[in-house]
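Let's learn to read a protein model together, one feature at a time. Have a look at it first, then we'll talk.

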Amino acid sequence: MTAIVAGAHRVDAEQPGPADDALVARARSGSVDAFEALYRRYSGRIHALCLRMTRSAMVAEDCVQETFVQAWQHLDRFEGRSAFGTWLHRIAVNRVLSVQRAESRRPAMLVAVGEDGDDPWGAAPGATDPGTDMDLERAIASLPDGARNVFVLQAVCGFSHEETARMLGIAVGTCKAQLHRARKLLEERLEP
């Protein structure tokens, strides 16, 4: 896995080439093969986004599948004003936020901890070796939902404050505050 922040790039930095346009047009006319090609092209990026936002491989898989089901069902709504990948990211973010809202309404589960208070699955702060990609992934996963969502969309995917705020349904000022909070928490958690 590559470093997240150093390898960050805008999802829509690449212009939707004729290949995407042609695949979308064929998929709109009912070509399952064309949509499958779009799925293969974008499913990895969508999965990475969902995984970082949900912190659960199982939930991320469900979100990815639901994202592509919704994209197939609503392909006629894609207007082409943004890249197809950006449109998919928006669907995925909405799906993750929906899952997070549903989870926040459920009663909290008890988590088993070891006798020394450490998380038995190794997610306790300071339990990892600083400086590795895995440490960064764990640190991101340990962020509160709001800070993690903003950090992933901005620092990892490269969206602007305005785009991120619009996707998450929050004010731009809140987005900036959450990003600052995320960076501060990551800095604390990754210090040796």
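Q: Where does Gln-154 sit in the secondary structure?
A: Start with the terms: helices (H or I, at least four residues) and strands (E, at least two) are DSSP runs, numbered from the N terminus. Gln-154 belongs to helix α6, which covers residues 145–156. By the way, this is a predicted model, where local features need pLDDT of at least 70, side-chain atom pairs count only at pLDDT 80 or more, and totals for chains, interfaces and linings use all residues. Residues are numbered from 1 along each chain as its sequence is written, and side-chain values use heavy atoms, with hydrogens and water left out.

Q: Is Gln-154 buried or exposed?
A: Buried means under 20% relative accessible area, exposed means over 50%, and partly exposed is in between (1.4 Å probe, protein chains only). Gln-154 has 11% relative accessibility, so it counts as buried.

Q: Which residues does Gln-154 touch?
A: Touching, or contact, means heavy atoms within 4.5 Å. Not counting residues up to four places away in sequence, Gln-154 touches Phe-159, Ser-160, His-161, Thr-164, Cys-175 and Leu-179.

Q: How many helices and strands does the protein chain have?
A: Eight helices and zero strands. Along the sequence that reads α-α-α-α-α-α-α-α. Buried residues are 38% of the 192 in the protein chain.

Q: Which residues of the largest nonpolar core touch the most other members?
A: The general idea is that in soluble globular proteins, nonpolar side chains tend to be buried together. A nonpolar core is a set of buried Ala, Val, Leu, Ile, Met, Phe, Trp, Tyr and Cys residues joined through side-chain atoms within 4.5 Å. Here the largest one has 50 residues, and Leu-38, Leu-49, Cys-50, Phe-84, Val-93 and Phe-151 touch the most other members. At least two residues of this core come from each of α1 (18–28), α2 (32–54), α3 (57–73), α4 (84–105), α5 (133–141), α6, α7 (161–168) and α8 (172–190). Take Leu-49: leaving aside neighbours within four places in sequence, its contacts are His-89, Ala-92, Val-93, Val-152, Leu-153 and Cys-157.

Q: At what angle do α4 and α6 pack?
A: Axes are lines fitted to C-alpha atoms, for helices over the stretch in contact, and angles run from 0 to 180 degrees between N-to-C directions. For α4 and α6 the angle is about 170°, and the axes are 12 Å apart. Angles under 35 degrees count as roughly parallel, over 145 as roughly antiparallel, 65 to 115 as roughly perpendicular and the rest as oblique. That makes α4 roughly antiparallel to α6. Val-93, Leu-97 and Gln-100 of α4 make the contact with Asp-145, Arg-148, Asn-149 and Leu-153 of α6.

Q: What about the angle between α7 and α8?
A: Those two pack at about 105°, with axes 9 Å apart, so α7 and α8 are roughly perpendicular to each other. In α7, His-161, Glu-162, Thr-164 and Ala-165 meet Val-172, Cys-175, Lys-176 and Leu-179 in α8.

Q: What separates the C-alpha atoms of Ala-25 and Asp-76?
A: Ala-25 and Asp-76 are 51 residues apart along the chain, and their C-alpha atoms are separated by 9.6 Å. Ala-25 is in helix α1, and at 47% relative accessibility it counts as partly exposed.
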